[in-house]
Amino acid sequence: MQTSNPTLLEAGVRGNFLRGVSDGMDGSFLSRIATVIPSNKKTEEYAWIGESPAMSLWKGTARYDAMTDTKYSLTNAKYQAGLVVDEDDWEDDQLGALPLRAQQLGAGVPAHIDDRLMEALITGTTNTGHDGAAFFANSHTARGQQSSAQDNLLAGNGTTTANFLTDITSSISTMMGFVKENGQKFHGRLRDFVIVAPPAVFGNLEEAVRATIVSNTSNVRFSGFNISTLYAPELSVTGSSTDANDWYMLHVGSPLRPLIWQERKAVGLDRIDDAENGQIKFIIKGRHVEGYGHFANATKMVN
């Protein structure tokens, strides 16, 4: 006598996998700091990351500015994870925890995306962006009508509350000063920011951003700005190429955010029957890659 319905069990596995993905995405970094860009081939070219022309006074004829000559490409990579189940256990449903395992497998998808995005930030001092310089660099070479190189790799003062007040102000001021290739200011309005930081600085950073009184003084420095915080344990991992006190300020109020998540094939769940070995295998696979938007939307504070 059959003790379960394998078809219903498989539906439960798939449903729980999707539930795990959905629940994990609710709190993921992806929706906060990256722009998702669909991909339809192995490698995508991003000639358009350079700035678009600003409006200017009409002088009798239309003015057309060429797109920037910078070149940037991202090649999709394949990622996977697998789960194997004994065929007899599957048929008898002796693995009551299987749907839960599937849900955990699904929750691993947004966790993987978070890991890749944090890796992009950590390696941003060596990996290049659209202009050929490291995404976080002391010298983004002057182009077009820009008069000087631009710097989004900043020296921090430390991690006390007072240090954070000073350095957040410095980060915002730096972004306000960025200039387009046509010589005009890069940002029209700066309002929405996410600070990505290691958990060790949680207390002082939260006080700097949210406390109404700091050292018996009214804290109104950031009124008018929406500044949220995101704490990433990845930034504190031993062996990471970043210091445990480094943090990032990301402007997320523009259509192209500081990070790009290029998705060729969304992660999905497939079943493979291995009759020869008496096994049922479930595999999740996806093709995607992380990359960088424009450096003018991000600063790294090095302590």
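Biologist: Are Phe 135 and Tyr 292 buried or exposed?

Modeller: Both Phe 135 and Tyr 292 are buried. Buried means under 20% relative accessible area, exposed means over 50%, and partly exposed is what lies in between (1.4 Å probe, protein chains only). This is a predicted model, in which local features need pLDDT of at least 70 and side-chain atom pairs count only at pLDDT 80 or more, while totals for chains, interfaces and linings use all residues. Residues are numbered from 1 along each chain as its sequence is written, and side-chain values use heavy atoms, with hydrogens and water left out.

Biologist: What makes two rings an aromatic pair?

Modeller: Rings of Phe, Tyr and Trp (its six-membered ring) pair if their centres lie within 6.5 Å. Planes under 30 degrees apart count as stacked, over 60 as edge-to-face, and the rest as tilted. By this rule there are eight aromatic pairs.

Biologist: Why is the pair of Phe 178 and Phe 295 called edge-to-face?

Modeller: The ring centres are 5.8 Å apart and the planes stand at 85 degrees, so the pair is edge-to-face. This pair too links distant parts of the chain, 117 residues apart. Phe 178 is in the loop between helix 5 (161-176) and strand 6 (192-197), and Phe 295 in the loop between strand 12 and strand 13 (298-302).

Biologist: How do you know that Phe 178 counts as buried?

Modeller: Its relative accessibility is 3%, so Phe 178 counts as buried. Phe 295, at 6%, is buried by the rule of under 20%.

Biologist: Which residues do ring pairs link into a cluster?

Modeller: Phe 135, Phe 136, Tyr 248 and Tyr 292.

Biologist: What makes a set of residues a nonpolar core?

Modeller: The members are buried Ala, Val, Leu, Ile, Met, Phe, Trp, Tyr and Cys residues joined through side-chain atoms within 4.5 Å. The largest such core has 71 residues, and those with the most contacts inside it are Ile 33, Leu 117, Ile 168 and Val 196. Helix 4 gives the largest share of this core, ten residues.

Terms used:
Helices (H or I, at least four residues) and strands (E, at least two) are DSSP runs, numbered from the N terminus.
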